[in-house]
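Here's a friendly walk through one protein model. Keep the picture open while you read.

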Amino acid sequence: MEPGWEPGEPGWEPGEPGEPGEPGWGGPGAALGGRGLLAAAVASGAALWATWAVLLMPGFRRVPLRLQVPYQPSSPRQVANALELLRGRAGKTVDLGSGDGRLVLEAHKQGLRPALGYELNPWLLCLANYRAWKAGYHGSVSFLKKDLWKVNLSDCHNVIVFLAPSVKPPLATKLLAELPDDARVVSGRFPFPCWTPSSSLGQGLEQCWAYDMKEVRREAKSRAQEKSQL
Ligand SMILES: C[S@@+](CC[C@H](N)C(=O)[O-])C[C@H]1O[C@@H](n2cnc3c(N)ncnc32)[C@H](O)[C@@H]1O
């Protein structure tokens, strides 16, 4: 294109603006210009942030970023494995980060009562309550808008956790400090790195591990004793 030709003038053709290094070549951002590119980057950033804050992680403003776990529902096989590891047990059963409520509903169905879930995402809480109502369990199961890091777990006998591996160490500290000796923790997808499971079920990402707190404490104590003797 000749310098000076404008779109619409005789001889003007849309086409190659030139090669890199040649006059007229403006690089990939030429059409937008520097300000346009900046505006596009800001707009995409804002859209990403809005998706994260409004749809994926609403209600998490007060949770430190390192403790935030996004929603990823467990598969039917994971739900079955987790509940199988709690078969025959009794007492208060909680899902820490209950999502759409599938594990709590299944726990209730299996006779684990009371069954409840803690969840911060209001969309998921609505969905869980709707699913409870549809299943005829409304009023029998609870979904509470509470930060799992702030609830006291000292009266829980069965605890289900389908959370990211990054939060397992601080969660292990909380569970060790609060749960009664006869409590069982079932972890899905990822094990607790420093605990020895009493049993496990499934393969790969479908695997679930069961931990009995009495055993976990005994092991932690003997490890601490060994360390002090060194
Ligand atoms: C990986 S999903 C598991 C959902 C459900 N337990 C399941 O297995 O289908 C983790 C859930 O924990 C919730 N969550 C993350 N951090 C939380 C917190 N501090 N308090 C309450 N819920 C939380 C998320 O909103 C998300 O729904």
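First, some ground rules. What you're looking at is a predicted model, where local features need pLDDT of at least 70, side-chain atom pairs count only at pLDDT 80 or more, and totals for chains, interfaces and linings use all residues. Residues are numbered from 1 along each chain as its sequence is written.

Let's begin with the sheet. Seven strands make up an open, mixed sheet, in the order 3-2-1-4-5-7-6. (Strands are DSSP runs of E, at least two residues, and helices are runs of H or I, at least four, numbered from the N terminus; two strands pair if DSSP finds at least two bridges between them.) At the edges you'll find strand 3 (141-144) and strand 6 (199-201), each pairing on one side only. From one strand to the next, the twist averages 15°. Now look at strand 1 (residues 93-96) and strand 4 (residues 158-161): they run parallel and are joined by three bridges. T93 sits opposite N158 of strand 4.

Next, the helices. Helix 3 (residues 102-109) lies across strand 1, strand 2 (115-118), strand 3 and strand 4, and runs at about 170° to strand 2. (Axes are lines fitted to C-alpha atoms, for helices over the stretch in contact, and angles run from 0 to 180 degrees between N-to-C directions.) The axis of helix 2 (residues 76-84) comes within 10 Å of that of helix 3, and the two cross at roughly 45°. Helix 2 and helix 3 are therefore oblique to each other, a word for angles left over once those under 35 degrees (roughly parallel), over 145 (roughly antiparallel) and 65 to 115 (roughly perpendicular) are taken out. Where do they touch? V79, A82 and L83 in helix 2 meet R102, L103, E106 and A107 in helix 3, with contact meaning C-beta atoms, placed from the backbone, within 7 Å.

Two loops deserve a stop. Most residues other than glycine have a negative phi, and most peptide bonds are trans. R113 and P114, though, are joined by a cis peptide bond, with omega about -5°, and P114 is in the loop between helix 3 and strand 2. R189 isn't glycine, yet its phi is positive, near 70°; R189 is in the loop between strand 5 (184-188) and strand 6.

Note on methods. Two residues are in contact if their C-beta atoms, placed from the backbone, lie within 7 Å.
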